[in-house]
Amino acid sequence: MNKNNNKRPHYLNPYFGGVLLGLLVIATFYITGRGLGASGAVKSTVVETVETLAPQHAESSPYYSKYIPKDTSPMNNWLVFESFGVLLGGLLSGVIYGRVKKFRVEHGAHTTSAKRLVFAVLGGVLFGFGSQFGRGCTSGAALVGSASFSFGGVIVLISIFGTGYAVAYFFRKLWI
Amino acid sequence: MPLLIFSENCGFNSTFKILTMGPLIPNDIITGDWNFVIAILIGIAFGFILEASGFSSSRNLAGVFYGYNFVVLRVFFTAVIVAMVGLLYFDYFGWLDLSKIFILPTFLSPMILGGVIMGVGFVMGGFCPGTSFTGIAIGKTDALFFAIGLFLGIFIFGEAYPYFANFYNSGNMGNVTLTDVTGIAAPWFALGFTVIALAAFWVTAEIEKKVRKNMKEYKF
């Protein structure tokens with residue numbers, strides 16, 4: 001890669017990382033019959049929050065009520081535990097490779113931290129909103145859906161990355 | 001490599017049997033009590049792979065859209081083809097009953113719209129949900145703000161849901177696979193994806209070389 005850069009961060013070879021991730025998808029299907037996910041855990045958190053603050057509102061809502069189990073908390077959910085694991089696993093890798101530091105903002109060369117944070121929130125809002133229509137995000141729908149030959153998974157995959165390329169020009173100042 | 005397990009209820013036959021059929025939890029080979037322990041362990045592996053591949057950095061992720069870093073494409077496509085081919089082998093050897101795994105349902109127009117909105121969110125926010133969790137884990141404030149955005153976005157969706165409930169539930173095709181829709185057997189899709197992936201790896205490596213020459217301050 002870039003030989004002039006001696007401060008290059010140490011990452012896994014991407015193809016090796018991809019093989020590991022593919023094997024993990026297979027192992028997850030083999031053990032649980034389901035795939036990985038991420039946005040589902042945030043959805044459970046939203047449902048739990050609304051149910052705690054406004055229980056009647058949550059139970060009368062046609063959307064939240066679908067995700068409130070009768071005898072347990074919405075947080076008692078496979079994806080919530082899995083996402084907690086993702087935090088731990090990310091931390092473990094960060095510790096091993098020396099990337100865990102105090103909270104800081106990463107942004108492109110031609111933008112400010114404040115602007116980066118505003119766009120991070122806005123991007124998150126859109127991603128969270130869109131993931132509900134998409135029945136999952138890049139993990140559950142695009143990656144695992146496509147890998148298990150789901151038609152919808154491939155639709156979401158093409159749609160996310162196709163749109164990304166289509167609109168990248170308008171947000172280039174954020175990154176390059 | 002078939003897994004050997006000690007089987008107590010085989011009685012008259014053999015004390016060992018070859019464990020053939022996953023998924024283990026739906027088939028009651030592992031009881032549901034282990035579900036959440038397994039969830040955390042699988043999550044740890046997932047988070048580790050994402051972070052170690054560089055997905056805790058929004059600049060690495062956004063690079064796929066600007067040609068200066070195709071790590072997303074490499075990891076993602078490799079994972080898809082490994083998993084596709086692997087699942088077919090597991091099915092072929094009788095280790096995994098593919099009819100028992102969860103196939104993501106298809107709601108055609110809502111999922112296209114969802115993907116479009118997520119695509120814009122990806123370029124603006126520089127993360128997707130899973131990668132933002134690993135960013136938070138190593139101390140990225142932008143990842144934390146992205147995750148707060150996710151929470152707000154899903155909350156807004158939940159509150160506004162009655163206005164687009166009909167659209168949300170439209171285009172329901174059920175839990176269909178590519179084979180169900182096209183009539184083409186799954187191995188052909190695995191082969192097709194592999195060919196596309198290999199071509200993409202080669203083309204993007206060439207693009208990356210050219211684009212990186214003009215980026216001095218970014219540590220690859």
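Helices (H or I, at least four residues) and strands (E, at least two) are DSSP runs, numbered from the N terminus. By that rule, the secondary structure of chain B comes to 8 helices and 4 strands. Their order along the sequence of chain B is β-β-α-α-α-β-α-α-α-β-α-α. Chain A, in turn, has 8 helices and 0 strands, and from the N terminus its elements run α-α-α-α-α-α-α-α.

The model is predicted: local features need pLDDT of at least 70 and side-chain atom pairs count only at pLDDT 80 or more, while totals for chains, interfaces and linings use all residues. Residues are numbered from 1 along each chain as its sequence is written, and chains are lettered from A and ligands numbered from 1 in the order in which they are written.

The predictor's confidence in each residue is expressed as pLDDT, from 0 to 100. Chain A averages a pLDDT of 94, with 96% of its residues scoring at least 70. Over residues 1-5 of chain A the value is below 50, and this stretch has 6 contacts in the model beyond near neighbours in sequence; two residues are in contact if their C-beta atoms, placed from the backbone, lie within 7 Å. Chain B averages a pLDDT of 90, and 90% of its residues score at least 70. In chain B the stretch with pLDDT below 50 covers residues 1-17, which have 15 contacts in the model beyond near neighbours in sequence. For the complex, the predictor gives an ipTM of 0.95 and a pTM of 0.92.

The C-alpha trace of chain A spans about 60 × 40 × 35 Å along its principal axes. A residue is buried if 20 or more other C-beta atoms lie within 10 Å of its own, exposed if 12 or fewer, and partly exposed in between, the C-beta atoms being placed from the backbone. Buried residues make up 60% of the 176 residues in chain A, and 47% of the 220 residues of chain B. Among contacts in chain A between residues at least 6 apart in sequence, 47% join residues at least 24 apart. For chain B, residues 24 or more positions apart account for 59% of the contacts with a separation of 6 or more.

The two chains meet through 116 residues of chain A in contact with 116 residues of chain B. On the side of chain A that touches chain B, the elements giving two or more residues are α1 (14-32), α2 (39-53), α4 (78-96), α5 (113-133), α6 (138-147), α7 (151-167) and α8 (172-175) of chain A. The residues of this side divide into 64 nonpolar, 39 polar and 13 charged. In this division Ala, Val, Leu, Ile, Met, Phe, Trp, Tyr, Cys and Pro count as nonpolar, Asp, Glu, Lys and Arg as charged, and the others, Gly among them, as polar.

One helix pair illustrates the meeting of the chains. α2(A) and α6(B) pack at an angle of about 65 degrees, with their axes 9 Å apart; axes are lines fitted to C-alpha atoms, for helices over the stretch in contact, and angles run from 0 to 180 degrees between N-to-C directions. From α2(A), the contact is made by S39(A), V42(A), K43(A), T45(A), V46(A) and V50(A), and from α6(B) by L150(B), F151(B), I154(B), F155(B) and G158(B). These residues divide into 7 nonpolar, 3 polar and 1 charged.

Within chain B, helix α2 (residues 58-66) is mostly covered, with 9 of its 9 residues buried. What covers them includes α7 and α8 of chain A together with α3, α4, α5 and α6 (141-168) of chain B. Just after α2(B), G67(B) takes a positive phi of about 85 degrees.

Helix α3(B) is largely enclosed by the rest of the structure, because 16 of its 22 residues are buried. Just after α3(B), G94(B) takes a positive phi of about 75 degrees.

G126(B) lies in the loop between α4 (108-125) and α5 (129-137) of chain B. With 33 other C-beta atoms within 10 Å, G126(B) is buried. Leaving aside neighbours within four places in sequence, G126(B) is in contact with A120(A), G123(A), S58(B), L61(B), A62(B) and D142(B).
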